[in-house]
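This briefing walks through a protein model by topic, for a reader who has the sequence and the coordinates at hand. Please keep the structure open while reading the points below.

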Amino acid sequence: MKAQLLQLSTPDGPFAILARDGVVLASGWTAGLPELTGQVHPGLRPDAVDMVADLGAISSAVEAFYAGDPAPAMAVPVLQQSGPFRAHAWDVLRQVKPGSPVTYSEYAALAGNPRAVRAAASACAFNAAALFVPCHRVIRTDGSLGGFRWGLAIKESLLAREANQPPSSAYPNVHIPGRSLT
């Protein structure tokens, strides 16, 4: 199976998208293909990859996100493969309202099992389609950011962008090593 790789420049750094037939297989803030393919289920990994300059509606959705409209990214088709809870949890993430992050506990409840907090966190950790499946919208109960494969500075930026606030004022209690937030 052959896929396409698009690399975009964003305010948060390089953003790469691996897609096949208009469907996102993986995406994230990297310029490297290996960082994307490692998260793709082995049964979905492409045999070959072509670099492309545009992915149509997928590219437009990323541009719209950075222009202040996160809705088009939720309409982009995504293909990920896992067990039933994780697959459902990824669908649930796409329904979390921009600017209104949920806690890992709330996310587990939204996914149908309030006691499955670790499984919900695992769904975030194994999400290959960052931005299109917005795992950045899940935070810790204490209001801190928790983790994010692409770095806390990017997670903070995405959340602040969705809340229409500067990053350091959206989450003032977050400390990112090597960066002053004051």
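In which loop is Leu 131 found? Leu 131 is found in the loop between helix 6 and strand 6, in a model that is predicted.

- When neighbours within four places in sequence are left aside, the residues in contact with Phe 132 include Phe 15, Ile 17, Val 24 and Ser 27, together with Ile 58, Ala 61 and Val 62.
- Further contacts of Phe 132, again leaving aside neighbours within four places, include Ala 73, Met 74, Val 76, Val 78 and Arg 94.
- From C-alpha to C-alpha, Phe 132 and Ser 9 are 16 Å apart in space, while 123 residues apart in sequence.

**The largest nonpolar core**

- The largest nonpolar core has 50 residues, and those that touch the most other members are Ile 17, Trp 29, Ile 58, Val 62, Leu 93, Tyr 107 and Phe 132.
- Tyr 107, with neighbours within four places in sequence set aside, is in contact with Ala 89, Trp 90, Val 92, Leu 93, Val 102, Ala 120, Ala 123, Cys 124 and Val 138.

**The sheet and its hairpin**

- An open sheet is formed by four strands in the order 3-2-1-4, with mixed pairing; its edge strands are strand 3 and strand 4 (48–51), each of which pairs on one side only, and the twist from one strand to the next averages 30 degrees.
- Strand 2 (residues 13–20) and strand 3 run antiparallel and are joined by five bridges; within this pairing Ala 19 stands opposite Val 24, and Arg 20 stands opposite Val 23.
- Strand 3 (residues 23–28) is mostly covered, with five of its six residues buried.
- Strand 2 and strand 3 form a hairpin with two residues between them; Asp 21, found in the loop between these strands, has a phi near 55 degrees, which is a positive value in a residue other than glycine.
- Asp 21 is exposed, with a relative accessible area of 69%, where the cut-off for that term is over 50%.
- Leu 6 has its place in strand 1 (residues 2–10) and is buried, with a relative accessible area of 1%.
- Beyond its neighbours within four places in sequence, Leu 6 is in contact with Phe 15, Ala 16, Ile 17, Val 52, Ala 53, Asp 54, Leu 55 and Ser 59.
- The C-alpha atoms of Leu 6 and Cys 124 are separated by 23 Å, the two residues being 118 residues apart along the chain.

**Packing of helix 4 and helix 6**

- Two packed helices are described by the angle between their axes and the distance between the axes.
- Helix 4 (residues 84–93) and helix 6 (residues 117–125) pack at an angle of about 70 degrees with their axes 9 Å apart, which makes helix 4 roughly perpendicular to helix 6, since angles from 65 to 115 degrees count as such.
- In this contact, Phe 85, Arg 86, Ala 89, Trp 90 and Leu 93 of helix 4 meet Ala 119, Ala 120, Ser 122, Ala 123 and Cys 124 of helix 6, and the residues involved divide into eight nonpolar, one polar and one charged.
- The buried residues of helix 6 are Ala 120, Ser 122, Ala 123 and Cys 124, and what covers them includes helix 4, helix 5 (104–110) and strand 6 (138–139).

**Helix 7**

- Helix 7 (residues 152–162) is largely enclosed by the rest of the structure, because eight of its eleven residues are buried.
- The buried residues of helix 7 are Ile 154, Lys 155, Glu 156, Ser 157, Leu 158, Leu 159, Ala 160 and Glu 162.

Terms used: Residues are numbered from 1 along each chain as its sequence is written. This is a predicted model: local features need pLDDT of at least 70, side-chain atom pairs count only at pLDDT 80 or more; totals for chains, interfaces and linings use all residues. Side-chain values use heavy atoms; hydrogens and water are left out. A nonpolar core is a set of buried Ala, Val, Leu, Ile, Met, Phe, Trp, Tyr and Cys residues joined through side-chain atoms within 4.5 Å. Buried means under 20% relative accessible area, exposed over 50%, partly exposed in between (1.4 Å probe, protein chains only). Contact means heavy atoms within 4.5 Å. Two strands pair if DSSP finds at least two bridges between them. Axes are lines fitted to C-alpha atoms, for helices over the stretch in contact, and angles run from 0 to 180 degrees between N-to-C directions. Angles under 35 degrees count as roughly parallel, over 145 as roughly antiparallel, 65 to 115 as roughly perpendicular and the rest as oblique. Ala, Val, Leu, Ile, Met, Phe, Trp, Tyr, Cys and Pro count as nonpolar, Asp, Glu, Lys and Arg as charged, and the others, Gly among them, as polar.
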